[in-house]
Each structure stands twice: as C-alpha cells, then as structure tokens.
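Here are my notes on this structure. Please read them with the model open beside you.

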Amino acid sequence: MHVVIMGCGRVGSTLARSLEDRNHTVSIIDSDPDAFRRVGPGFNGDKVTGQGFDQEVLEKAGIRRADAFAAVSSGDNSNIIAARVARESFGIQQVVARIYDPGRAEVYQRLGITTVATVKWTADQVLRRLLPAGAEPDFRDPSGTIRVDQLPAPESWIGHRTVDFQMQSKSRIAWIDRLGEGMLPTRDSMIQEGDILHVAMREEHAAGAYQVIESGPDES
C-alpha cells in the first residue's frame, strides 16, 4: 500500500514508521518542516511541507496512487477537511481522521469517515479496566447494535465447549487469548483456565448473556 499521512507529531511519526516497518510506502505532510525530525533519519518516505487539505500538497504526496489517508494533526477542523478532500476529491476509501471532540467524531463516523476520538478512546480504555466485566464493552459498532466484551474464562464454564457457551448465552466467541496467543475457537474447542474470551453479542441480549455466563452451563 501507499499511505499518505497528514501530521508529523507523535502519532503521525509513529504511524509512518510502523507502516514502513510493514513494507508499505508512506508520504507524510506537515506545515512545520522541523516536525519531520520525529520520523528519524531512517525514514525513506516523502516529507511534504504544507497543509494536508491543500490539493496541490496532496498531489505532491502521491494521493492519486494512495490506498489510504490518515489525518492525525492536532487540529480537528484541519483533520476533517483533509479527510473529506481525500475521500471526496480523490476517491480514497480508506480514510481515518483523528478527532478530539467525541461529539463531532460521531457525526463524521455517520458520514463514512472513520474517526479516532483520542480523549474519549483513552477514557473508555481506563473505564473498561476500572469497572466490572460487562459494564463497558471493548467495542461497540457505530449503530450501537453489536458489542464485543473481553472477560476472563468464568470458573463455572472451564472444561465446557465453546459452542455450548455460545448457544446458551446467545453470543459468539470471536477469539480466545490463550497462553499469550490468539486462537479462533472450533466446534471442538474447550474453555480452559486462564483463557481470555472476546465475546460478541447484541446489545439487547447483553444482560441475559451475562446472567447465563455468571450462572454457569445448563447441563440438562
């Protein structure tokens, strides 16, 4: 892939190096030429000085051959304008914008622009580690219909098949973290002590699912 990034701050520079480490080509845009020092001397991509919503600047960064665009500067307005230009003027489908205001992030999410609301994301991550299992999901889709929860293997379910867990709780185990590795459950998979289950369920079924999970399997 070729990826164009607007913003060479801590997020943009880290993203650029991570993409290069995965053998993708990268162009990074920033209005401050001094910002490019953050990517370090080993960065092989293009460094373009200018505003990331300026079409000429985007052209210099290779937007016409780009597969994806990330707007991760420190300004919400700049990020949204640049994201919309990349999507609407150049037809880039994979567009992500960093947004500090979670209210605005939700609006642009509905317009088809993937947003990362950094303050809300951080707060949500802290909440999920403070509250009991099930109080806050790890992920909720934009419509609020589906949630994904992370929970340690319930003691009463250890030694039982994942298919029984799913059928009785009306949920799906998306994957299991076991001994430091992720695994996809099969029909023959058993829940083991120490497993971390990543469970997808409909929001409307969450209360019932947790009731089943806590009460244990129905052996009848």
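1. Start with helix H7 (206-215). The face turned away from its buried side carries three exposed residues: Ala207, Gln211 and Ser215. Exposed means over 50% relative accessible area, buried means under 20%, and partly exposed lies in between, with a 1.4 Å probe and protein chains only. Helices (H or I, at least four residues) and strands (E, at least two) are DSSP runs, numbered from the N terminus.

2. A word on the source. This is a predicted model, in which local features need pLDDT of at least 70 and side-chain atom pairs count only at pLDDT 80 or more, while totals for chains, interfaces and linings use all residues. Residues are numbered from 1 along each chain as its sequence is written, and side-chain values use heavy atoms, with hydrogens and water left out.

3. Which residues of H7 are buried? They are Ala206, Ala209, Tyr210 and Ile213. The arc is that of the directions from the helix axis to the C-beta atoms. An α-helix has 3.6 residues a turn, so residues three or four places apart point the same way.

4. What covers that buried side of H7? The cover includes strand S8 (146-152), H6 and S11. After H7 comes Gly216, with a positive phi near 95 degrees.

5. Now helix H6 (residues 162-169). Its buried residues are Thr162, Val163, Phe165, Gln166 and Ser169. Their arc around the axis is only 160 degrees, which puts them on the same side of H6. They pack against strand S9 (172-178), strand S11 (196-202) and H7. Contact here means heavy atoms within 4.5 Å. Lys170 follows H6, and its phi is positive, near 55 degrees.

6. Look next at the second largest pocket, with a volume of about 380 Å³. A pocket is an open set of points on a 1 Å grid over the protein atoms alone, where a 1.4 Å probe fits, with protein on both sides within 12 Å along at least five of seven lines; lining residues have an atom within 4 Å of a point. The volume is the space filled by probe spheres set on the points. Of the 20 lining residues, Leu15, Ala70, Val72, Val96 and Val116 are the closest to the centre. Strand S5 (94-99) is among the elements that supply at least two residues. S5 gives the most, with five.
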